[in-house]
Structure formats: C-alpha cells, structure tokens
Amino acid sequence: MKNRGLKKMIALAVVLVAASVCAAQQPAAASSQKSIESFLRSYYALGSDIKITVAAPTEFGNSGILEYPIEVKTPESTEKIKMYMTKDGRYLIRGEISDLTTDPLADTVKKIQTANAPVLGNPNAPITLVEYSDFECPVCRNLHDALRGLLPNYPQVKVIFKDYPLDTIHPWARTAALAGRCAYQQDPKAFWKMYDSIYDNQEVISASNVYDKVMDYASKAGLNAEVFKACMSAPETTQVIDASIANGNLLEVRSTPTVFVNGRRIVGADSRTVQQYLDYEVAQLKSGAAAKK
C-alpha cells in the first residue's frame, strides 16, 4: 500500500515536473546533483526531516540526456524515482523515456523471475498476469477481490504471485509472506488457499496474532503443521522472499500492488485497467488466430 504523504508528494512531482520543462542552473555533473536536490526541496516544500539523495547520473543511451536516480526518504518510508536533465544542466525532466527501437514490454517480461512462483490457472495460458503484492496492504486486498470476479471470464490468463512485503510500514506482511511460501512448498495449490484466507480475513489479523492465524489457515488447507512451522523459521524461506523483493526492485516496483499483464504495468487495484489490458490481449489472440486461417 502506498505511504500517503510521501506518495502524494511524489505524484505531485510526476504531474508538475513532467508537464513542464523546469529551468535550473547550468552546473557541472556534481553540482547538478545538488541543484536537483535544492530545486525539489524548494519547489515541493520538503523539510529537513525528509532526506533527498541524488545519485551520480548516467547518460540515457546516446540521447544527450542524463538520468538521475533519486531517493526520497521520510521517517516512515522510502521512495525511489528517476529524473532526467539535459547535459547543459538547464532543463530538468520528470517522466518516462521510451526507446522506440526496442520492445519495452519484452524487456520487462525478461526481467520477471517466474520460476518457483505460485501459478493460478493453466500454466501454459498465453496471457500472464504477474502480481507483486503485500498481504497486509488493503489495496492489494482490493485487487484480490477484483481478480476473483474477473478471472473466471478469462480462461486464457494465468496469475503468478510475487511477494513484495513492505516491511517498514506493514509489521505483519513478512510473516504472511512466509506463510504463503511455506504453503506453496508443501502443496502449490495450498498457496492459493492461504492467499484467499489472508486477504479475506485481513481486517482481523495483527502483528500480535498473525502467526496463530496463519497456522490456523495452514491447518484448514490440510498442511502438515510441523513441516509448516519448520519452514516458517527456516532462513531459506526468508531468502526466497528477499529474492522476490529484489526482483521487484529490478522492475522498479515501488508500491503494492504492482501488476504486469504481458509486461504492461498497472500500479494499484484499478480493475478497469486490468480488464482493459486483458481484453486487449484476448483480442490480439483472436486476431492472430484469424490471420492463420
């Protein structure tokens, strides 16, 4: 789930800076970083309690535009964004840059690590929906509910679940992620029972009772309790969760839920956009099938 204050600030940065070209000083690379920090702090009224780190730039291809990774950290959470500056240091740009000579969707799909991840539906289905999610996130629960209604209408779709617990703001999310992973290790189908149980009961789960709750859900899913307990405390299980988070970071997942439909990114539980992307992919399949006749 998004951290409200920080996310609103970043969303504002996206809208305002992307919508206009912002004049800056004309410094060398090192002082450019300081200029960007000063501009953001002044323009968006970011106080001293918010730490802004502007990393050294790299050139975006051979475009003459420099890409600056930026980290904005509050006491509650951390947000990572990218901004771009012309080499003369005059124009600062916030937005997305696309290389029209490449297929960005194919590149995204290649980055998603799906091996040993829970799969719902036909593993050979041609449309893949990958969900990076946090079990404690209310917006993720909304996505869960939306998918429950949508998926029966799309037999061409398989869902792949990837853990992305936001530990800094969700105290029981990681325990729930471990439970999902341990259910999967005993019985891949049991993962989806755990998935439903956690989201359906999210409002009664807390940091103090999460372990007892997931043990109960494991029992109801028919899992061996002792094997499940051992898995929950095994360092290897934590490593799998951390690897999933690292994969999300590679894809620049910054909040949950983040969904990819055949590589197309959706942030949040926007069921209309999910349906739009699924309908598009189904239409592409039908068009391809018709062309072969």
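Author: Two residues are in contact when heavy atoms of theirs lie within 4.5 Å. Lysine 111 meets that rule with Asn247, Leu250 and Leu251, leaving out residues up to four places away in sequence. This is a predicted model, in which local features need pLDDT of at least 70 and side-chain atom pairs count only at pLDDT 80 or more, while totals for chains, interfaces and linings use all residues. Residues are numbered from 1 along each chain as its sequence is written, and side-chain values use heavy atoms, with hydrogens and water left out.

Reader: How far apart are lysine 111 and asparagine 247, along the chain and between C-alpha atoms?

Author: They are 136 residues apart along the chain, yet 7.6 Å separates their C-alpha atoms. Lysine 111 belongs to helix H3, residues 104-111. Helices (H or I, at least four residues) and strands (E, at least two) are DSSP runs, numbered from the N terminus.

Reader: Why is lysine 111 called partly exposed?

Author: Buried means under 20% relative accessible area, exposed means over 50%, and partly exposed is in between (1.4 Å probe, protein chains only). Lysine 111 has 32%.

Reader: What makes serine 133 count as buried?

Author: Its relative accessibility is 1%. The limit is under 20%, so serine 133 passes. Serine 133 sits in strand S8. Beyond its neighbours within four places in sequence, serine 133 is in contact with several residues, including Cys140, Phe161, Tyr199 and Pro257.

Reader: How many residues of the protein are buried, as a percentage?

Author: Buried residues are 44% of the 293. The protein has 10 helices and 11 strands.

Reader: What makes the span of helix H5 close to the expected one?

Author: The expected span is 1.5 Å times one less than the number of residues. Helix H5, residues 173-186, has 14 residues, and its expected span is 20 Å. From first C-alpha to last, H5 reaches 20 Å.

Reader: Why is H5 called largely enclosed by the rest of the structure?

Author: Because 10 of its 14 residues are buried. Among them are Ala173, Leu178, Arg181, Cys182 and Tyr184. The cover includes strand S9 (157-163), helix H6 (188-200), helix H7 (210-220), helix H8 (225-233) and helix H9 (235-250).

Reader: How do you know that cysteine 182 and cysteine 231 form a disulfide?

Author: A disulfide is a pair of cysteine sulfur atoms within 2.5 Å. The sulfur atoms of cysteine 182 and cysteine 231 are 2.2 Å apart. That is within the limit, so the pair counts. Searching the whole structure finds 1 disulfide. Cysteine 182 lies in helix H5 and cysteine 231 in helix H8, so the link ties together parts that are 49 residues apart in sequence.

Reader: Which residues touch the most other members of the largest nonpolar core?

Author: A nonpolar core is a set of buried Ala, Val, Leu, Ile, Met, Phe, Trp, Tyr and Cys residues joined through side-chain atoms within 4.5 Å. The largest one has 57 residues, and Phe135, Met194, Ile198 and Phe228 touch the most other members. Apart from it lies another core, of 16 residues, among them Leu40, Tyr44, Leu66 and Ile70.

Reader: Why is the pair of phenylalanine 135 and tyrosine 199 called tilted?

Author: Rings of Phe, Tyr and Trp (its six-membered ring) pair if their centres lie within 6.5 Å; planes under 30 degrees apart are stacked, over 60 edge-to-face, and the rest tilted. By this rule there are 13 aromatic pairs. In the pair of phenylalanine 135 and tyrosine 199, the centres are 5.1 Å apart and the planes are at 45°. This angle lies between the cut-offs, so the pair is tilted. Both residues, phenylalanine 135 and tyrosine 199, are buried.

Reader: What makes phenylalanine 191 and tyrosine 195 a tilted pair?

Author: Their ring centres are 5.9 Å apart and their planes are at 40°, so this pair is tilted. Phenylalanine 191 and tyrosine 195 are 4 residues apart in helix H6, about one helical turn. Phe135, Phe161, Phe191, Trp192, Tyr195 and Tyr199 form one aromatic cluster.
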